[in-house]
Amino acid sequence: MADTDKKDEKEIEIPQTLPVLPVRDIVVFPYMILPLFVGREKSINSIDYALSTNRMIMLLTQKDLNVENPEGDDLYSVGTVGLIMRMLKLPDGRVKILVQGLTKARCLSISEKDNYYVAQIEKIEESKIEQMTLESEALIRTVKEQIDKTVSLGKTILPDIMVVLENLDDAGRLADLVASNIGLKTEQAQHILEITDVLERLKKVSEILNREIELLLVQQKIQSEAKGEIDKTQREYFLREQLKAIQKELGDIDERMEEIKEFRRKVEEAKMPEKVHQEAEKQLKRLEKMHPDSAEAATVRTYLDWLVDVPWSKSTKDNLNIKMAKKVLNQDHYDLEKIKERILEYLSVRKLNPKMKGPLLCFIGPPGVGKTSLGKSIAKALGREFVRMSLGGVRDEAEIRGHRRTYVGALPGRIIQGVKQASTNNPVFMLDEIDKIGKDFRGDPSSALLEVLDPEQNNSFIDHYLAVPFDLSRVMFITTGNMTDTIPSPLRDRMEIIRLSGYTAEEKMGIAYNYLFPKQLKEHGLAKEWLKVSEHALMLIISQYTREAGVRNLERELANLCRKVARQIAEGKKKTFLITNNNVHKYLGAPKFLPEEEMKKDEVGVATGLAWTETGGDIIYVEATTMKGKGSLTITGQLGDVMKESAQAALSYVRSRAKELNINEDIFSKKDIHIHIPAGAIPKDGPSAGITMTTAIASTLTGKPISRNLAMTGEVTLRGSVLPIGGLKEKALAAKRMGIGTIIIPKRNSKDLEEIPKYVKKDMEFILVETMENVLDVALDKKKLS
């Protein structure tokens with residue numbers, strides 16, 4: 001290719017109609033001389049027509065070089081009018097021509113005529129530099145220096161062209177000549193051709209030369225291996241681009257495009273909602289434009305992996321067979337009829353209304369009563385996947401909502417992680433220990449849970465990492481806790497609370513025989529006939545080796561028993577063992593819990609109270625005694641403020657009723673009263689011991705003993721009214737475990753008697769009282785208890 005001044009465009013008149021010659025993979029500039037090989041029939045016809053007239057032809061570049069028979073829309077509208085200087089017909093039927101570019105022209109329309117294309121054109125007049133300015137002269141000099149630099153760095157440009165460039169001062173011709181000789185891509189060359197402003201075109205050429213110089217510098221450093229000073233990322237980018245070009249030439253598979261193609265397939269298979277699908281496509285387009293080894297590309301890949309793995313449309317079909325679900329629940333759990341009934345009600349409603357949102361249940365009860373295992377059974381009965389997440393000690397809001405993608409190592413919250421783990425969008429999701437969730441400077445997780453656990457909001461839950469809405473309304477959330485006091489009220493308001501009380505000894509025996517003992521035999525490799533435990537022995541283990549609301553310690557003791565037997569069998573000793581109440585201590589040691597010795601007889605000043613704890617119900621002994629003094633009241637036993645105030649109220653009530661109780665009023669000024677509740681290392685608080693402390697004080701001052709078979713619970717006022725308390729079922733079960741036969745309770749708690757099992761009420765007497773007078777009439781009168 002060379003530049004020439006032989007033809008001056010001013011002396012040549014350009015016709016308005018010219019035949020069209022489409023060219024592939026090259027853009028012809030004015031003053032450019034180059035050979036072209038023509039093989040298409042229409043193109044050869046165009047050349048023949050041009051040679052028969054004025055030898056001029058319109059050279060237009062194809063937009064897509066793979067189009068064999070281009071039409072008007074397949075060609076760029078701006079091209080170059082060329083003059084055919086020579087023509088040679090080749091043996092294979094093709095034609096070789098030598099053509100020189102004359103001037104730029106715009107194609108107005110293209111039509112087909114006699115099997116070749118004819119274009120209506122208009123010549124493009126370029127802006128001329130009338131007088132050379134400092135800017136234009138500096139720009140011309142810069143481009144010449146840049147082209148010299150590229151040649152010095154190894155760019156191949158013919159020496160003849162370099163001579164012409166050195167002597168060329170026309171900015172427009174300089175830009176065209178440089179652009180036609182530095183190997184630009186078709187799109188870049190066409191863009192330069194279409195720029196009519198001379199200085200603007202030269203500036204664009206200067207920018208391209210500047211980038212070319214940078215690229216040549218990198219290439220030179222790679223080839224010379226200059227001490228590894230080149231930036232690693234830049235070098236890898238250049239090498240990978242070269243490798244891709246080689247692979248493309250060899251026809252090898254482009255791994256990057258295969259990755260994009262695989263992501264697109266997964267996006268389609270995931271059946272995402274429209275908004276999520278749009279976000280996935282947006283991220284895919286970003287990934288296509290990124291360098292595959294950049295840090296941001298790795299972040300986008302991880303994000304897309306999460307998007308396609310989340311089960312947007314995958315769900316399990318509910319098992320709506322009510323009888324089968326009831327059978328599954330009964331197989332896995334003993335008693336718990338109220339909860340089983342609630343689950344069966346939910347299934348029944350789902351059967352009638354499949355679009356019903358999942359309920360939000362909260363199981364509250366002491367440890368070891370089967371809250372977590374009950375969630376697994378519910379999932380099994382429904383035929384759903386089960387996911388468990390513990391909230392105990394969680395203090396970071398990001399654990400629920402996830403981290404934003406701007407952070408290094410960001411991940412979705414554990415809610416989305418759990419749903420992904422389940423691989424379905426409607427699992428049974430258990431949130432354990434919701435009463436032990438915390439908060440600090442990193443946020444309040446309980447507030448984040450408000451959206452998760454609200455059926456009206458969680459249908460568009462947005463995790464910070466995914467940043468797109470996910471429907472949690474189909475998830476069945478179940479939360480567990482030991483108490484409701486520490487659960488924030490807005491969160492507690494969203495949940496349907498179901499309380500699980502502790503088990504009685506009879507219930508524990510049923511659980512042990514039906515579930516725990518067979519499970520331990522299987523885990524220790526023992527056959528049923530090798531180890532048998534009598535009912536009396538099992539009752540002894542329950543009453544004297546464990547003291548709990550649940551059955552965890554009972555299971556540990558049964559496991560301990562199985563280990564002892566397994567060792568003897570492994571050592572070759574006898575293979576049948578019968579555990580009775582006479583030999584159980586040989587395997588488990590001495591009993592850990594014995595009945596209090598002092599409570600084997602009725603005593604003055606000792607009253608039995610009932611308390612609710614996190615582990616279920618328990619009994620407390622309230623002791624009161626008098627000594628010489630000045631009428632002061634001493635309270636010990638590590639009591640809380642509420643309990644101390646109850647003691648003050650109890651003493652005030654007794655003093656106000658001294659005459660009715662036949663108590664000498666002088667005793668309050670001459671005697672000190674001391675109230676103590678044993679187990680002083682354990683903190684105690686609450687108002688429900690009010691009537692117990694009042695009774696203990698009254699017993700001490702009147703000298704009348706209190707029955708050891710009597711327990712009581714209730715809050716007392718200065719006027720002697722007995723106020724209702726909570727946790728009656730747990731307290732009744734505690735009294736049952738201790739063998740107490742009579743309980744005094746507030747009359748307003750009569751409604752709670754329905755929650756107490758019939759076999760518990762059968763062996764116990766509940767005395768309903770409204771005033772403290774009723775309590776003292778019963779507690780200090782043996783005839784009424786006989």
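## Buried residues and a parallel sheet

E279 is found in helix α9, which spans residues 274-289; helices here are DSSP runs of H or I with at least four residues, strands are runs of E with at least two, and both are numbered from the N terminus. The model is a predicted one, in which local features need pLDDT of at least 70 and side-chain atom pairs count only at pLDDT 80 or more, while totals for chains, interfaces and linings use all residues. Residues are numbered from 1 along each chain as its sequence is written, and side-chain values use heavy atoms, with hydrogens and water left out.

E279 is buried yet has no salt bridge, and the nearest side chain of opposite charge, that of R405, is 4.2 Å away. Buried means under 20% relative accessible area, with exposed over 50% and partly exposed in between, using a 1.4 Å probe and protein chains only. A salt bridge requires a side-chain nitrogen of Lys or Arg within 4 Å of a carboxyl oxygen of Asp or Glu. Leaving aside residues up to four places away in sequence, E279 touches Y303, R405 and V468, where contact means heavy atoms within 4.5 Å.

N749 lies in the loop between β25 (742-746) and α26 (758-762). Because its relative accessibility is 1%, N749 counts as buried. With residues up to four places away in sequence again not counted, N749 touches P724, I725 and L728.

Both residues also make a side-chain polar contact, that is, a pair of N or O atoms within 3.5 Å; within protein, one must be able to donate a hydrogen and the other to accept it, and residues adjacent in sequence count only if both atoms are side-chain atoms.

| Side chain | Partner side chain | Distance |
|---|---|---|
| E279 | Q283 | 2.9 Å |
| N749 | D752 | 2.8 Å |

Helix α4 (residues 171-179) is mostly covered, with 9 of its 9 residues buried.

Elsewhere, 5 strands form an open sheet in the order β8-β9-β12-β7-β13, and their pairing is parallel; two strands pair if DSSP finds at least two bridges between them. The edge strands, β8 (386-390) and β13 (496-499), each pair on one side only. Strand β7 (residues 360-364) is joined to β13 by 4 bridges, and the bridge partner of L361 in β13 is E496.

Note on methods: Lys, Arg positive; Asp, Glu negative; His and termini not counted.
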